[in-house]
Amino acid sequence: MNTATKLSGFALGLAAVFGAAYGVGQVAGPDTPAVATRHDAANAGHADGDHATGAAPTSHLPGGLLVSDRGYTMQPVTEPAGEFAFRITGPDGAPVTRYDVAHDKRMHLIVARRDLSGFRHVHPELAADGTWRVASPLAGPGVWRAFADFTPTGGEPLTLGVDVTVPGALEERPLPTPATSATVDGYTVTLTGTPQPGRTAQLTLTVSRDGKPVTDLQPYLGAYGHLVALRQGDLAYLHVHPDGAPGDGRTAAGPAVTFFAEVPSAGSYRLFLDFRHGGAVHTAEFTVVAGDPGVPATTAAPAAPASPTADAGHGAPGHGHN
Ligand SMILES: [Cu+2]
């Protein structure tokens, strides 16, 4: 099976950034991320005026962990209450104003609280000065991670992330327990398949309503579903598009939407499936555990202390301490 050919170019680039497996070469070793982070930061800093030299080394690091990568930096902009705004500055230090369209949009903005609640996926508008603006998706107090998922014209697909704090009394929510069924807006979505660290796994999400399979899913951004995975502990980001596209002659409009995804480590992940039906976009959420939580799939992580909610998540962030 050649998974790479089944992924769109958009997903391919992101998957490569996340997992480094799709035809790019070998999977990064378990103790490389911390080293890579330092190198990448250095590269970004030295990339001024020479875009090419900063382009290569980050392909093994998961997306969304860096606020600045390959010379591009995400900068929140102070806006009136109710709006969220940011700029992306490029290797020359100026705001980027030219972007390629990927899945119908030049910018995909994904936000989630650090406790993985409050997920939203929105599409800001670009002003001539390079400022992106959108009605704020930050629904309440907390520390939010905002991911900008984009392709600068002439550059590679990139996901940058920045923390944004919304003041107020915060009630941290534990990660929901793993489950293979989720309900949203009257729909039931079931998940089959389990993500595997370091190799591609098939994930199939099946949508039903009132006990009947939904067979008339509507295309949303050129696909029948968009899947984002966030790793508990550091919110490493993976955005996957499904196998097959509307109108390709082989892809049904539900009830099943199939994805091929790879996660970079054992640990707990929160999956967010966006799908469109009845003229509205719905988001079904799942907690999944990749790998054997009792046997971290790394050489590094010591046994984690008992925790009611973070049983498997400690293996992932532990990599960085070597
Ligand atoms: Cu989007």
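1. Two strands pair if DSSP finds at least two bridges between them; strands (E, at least two residues) are DSSP runs, numbered from the N terminus. On that basis, E17 and E18 pair in the antiparallel sense over 11 bridges. Arg276 has Val281 in E18 as its bridge partner. The hairpin of these strands has 2 residues between them, and Gly278 takes a positive phi near 65 degrees there.

2. This is a predicted model: local features need pLDDT of at least 70, side-chain atom pairs count only at pLDDT 80 or more, and totals for chains, interfaces and linings use all residues. Residues are numbered from 1 along each chain as its sequence is written, and side-chain values use heavy atoms, with hydrogens and water left out.

3. E17 also pairs with E14, antiparallel, over 6 bridges. Here Arg231 has Tyr269 in E17 as its bridge partner. Of the 11 residues of E17, 10 are buried, so the strand is largely enclosed by the rest of the structure. Buried means under 20% relative accessible area (exposed over 50%, partly exposed in between; 1.4 Å probe, protein chains only).

4. His108 (ND1), His121 (NE2) and His123 (NE2) coordinate the copper ion at 1.7 to 2.0 Å. Donors are N, O and S atoms within 2.8 Å of the metal (3.2 Å for Na, K and Ca); water is not among the atoms, so sites may look incomplete. Both His108 and His123 are buried.

Key
Helix = DSSP H or I, 4+ residues; strand = E, 2+ residues; numbered from the N terminus.
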